[in-house]
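Work through the exercises below with the sequence and the structure at hand. Each task is followed by a solution in steps.

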Amino acid sequence: MKTRRACLAAALLTTALALTGCGSSDSGAASVPDGWGTLKTKGVDVSYPKGYEEQSAAERGEHNAAAAVRTEGGKKVSVLTVQLGFTEADSAEQAAIAAEAGIQMGAKVEGQKDVELAGADEAKRIDFTFEATGEDGGPAKGTPVEGVILTGLDSADTTFAIRIDAARGSLPDGDLDRIIDSVEVH
């Protein structure tokens, strides 16, 4: 009788565990807030808050697979870009080294650390700051800009770099965190 109860209890526990794994929330999936837009590319998707406008292929830089821009008073205050295949790297660490090399001269790299991105085996986050040049419709010369690059390899072992630049105070930390949480690597 005890053996039968133990088997029944084990079966119920297994069923309960299997059911808890079912449902709409997937811990490995990216989280996209309601009302946000999404940049979709063949290697990664990343979402952006209200107030950003997605750029067409003709509007964005030739090396960007996707981009979205937020403007205030006719000036770009924040730019979100996605680059694919920007370097030949075999690891997230190598991709991070290449991404750091692409940060403008005079920028101050604040640090590099591991970051979890949905769908990526490993990824790196690079934080940096620089002063705006006042060119290309950006903030006035000397405006402090905070930047973040998320980089690694997609499922085809192609490098990706998601870059978020924002004039200081124009992108709340909570929105930056939600942008990072929205990344899904394919």
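**Exercise 1. Sort the lining of the largest pocket by residue class, then describe where the lining comes from.**

Step 1. The lining of the largest pocket divides by class into 16 nonpolar, 12 polar and 8 charged residues. Here Ala, Val, Leu, Ile, Met, Phe, Trp, Tyr, Cys and Pro count as nonpolar, Asp, Glu, Lys and Arg as charged, and the others, Gly among them, as polar.

Step 2. The model is predicted, so local features need pLDDT of at least 70 and side-chain atom pairs count only at pLDDT 80 or more, while totals for chains, interfaces and linings use all residues. Residues are numbered from 1 along each chain as its sequence is written, and side-chain values use heavy atoms, with hydrogens and water left out.

Step 3. A pocket is found on a 1 Å grid over the protein atoms alone, as an open set of points where a 1.4 Å probe fits, with protein on both sides within 12 Å along at least five of seven lines; lining residues have an atom within 4 Å of a point. The volume is the space filled by probe spheres set on the points, which are joined across faces, edges and corners. For the largest pocket this comes to about 960 Å³.

Step 4. In total 36 residues line the largest pocket, and Val79, Thr81, Phe130, Arg163 and Asp165 lie nearest its centre.

Step 5. At least two lining residues come from each of β4 (66–72), β5 (75–84), α2 (92–101), β8 (144–153) and β9 (159–167). The largest share, 7 residues, is supplied by β5. Helices (H or I, at least four residues) and strands (E, at least two) are DSSP runs, numbered from the N terminus.

**Exercise 2. Describe the second largest pocket in the same way.**

Step 1. The volume of the second largest pocket is about 170 Å³. Its lining has 13 residues, with Glu146, Gly147, Val148, Asp173 and Leu176 closest to the centre.

Step 2. Each of β7, β8, β9 and α3 (173–182) gives at least two residues to this lining, and β7 gives the largest share, 4 residues.

Step 3. By class, the lining of the second largest pocket has 6 nonpolar, 2 polar and 5 charged residues.

**Exercise 3. Find the salt bridges, and say for three of them whether the partners are buried or exposed.**

Step 1. A salt bridge is a side-chain nitrogen of Lys or Arg within 4 Å of a carboxyl oxygen of Asp or Glu. The whole structure has 8 salt bridges.

Step 2. Buried means under 20% relative accessible area, exposed over 50%, and partly exposed in between (1.4 Å probe, protein chains only).

Step 3. Lys40 and Asp45 are joined by a salt bridge of 3.9 Å, N to O. Lys40 is exposed because its relative accessibility is 62%; Asp45 is buried because its value is 11%.

Step 4. In the salt bridge between Asp114 and Lys124, the closest N and O atoms are 2.4 Å apart. Asp114 belongs to strand β6 (residues 108–114) and Lys124 to strand β7 (residues 123–131), so the pair ties together parts that are 10 residues apart in sequence. Asp114 is exposed at 60% relative accessible area, and Lys124 is buried at 11%. Through shared partners, salt bridges join Glu93, Asp114 and Lys124 into one network.

Step 5. Arg163 pairs with Asp165 in a salt bridge whose closest N and O atoms are 3.0 Å apart. Arg163 and Asp165 are both buried.
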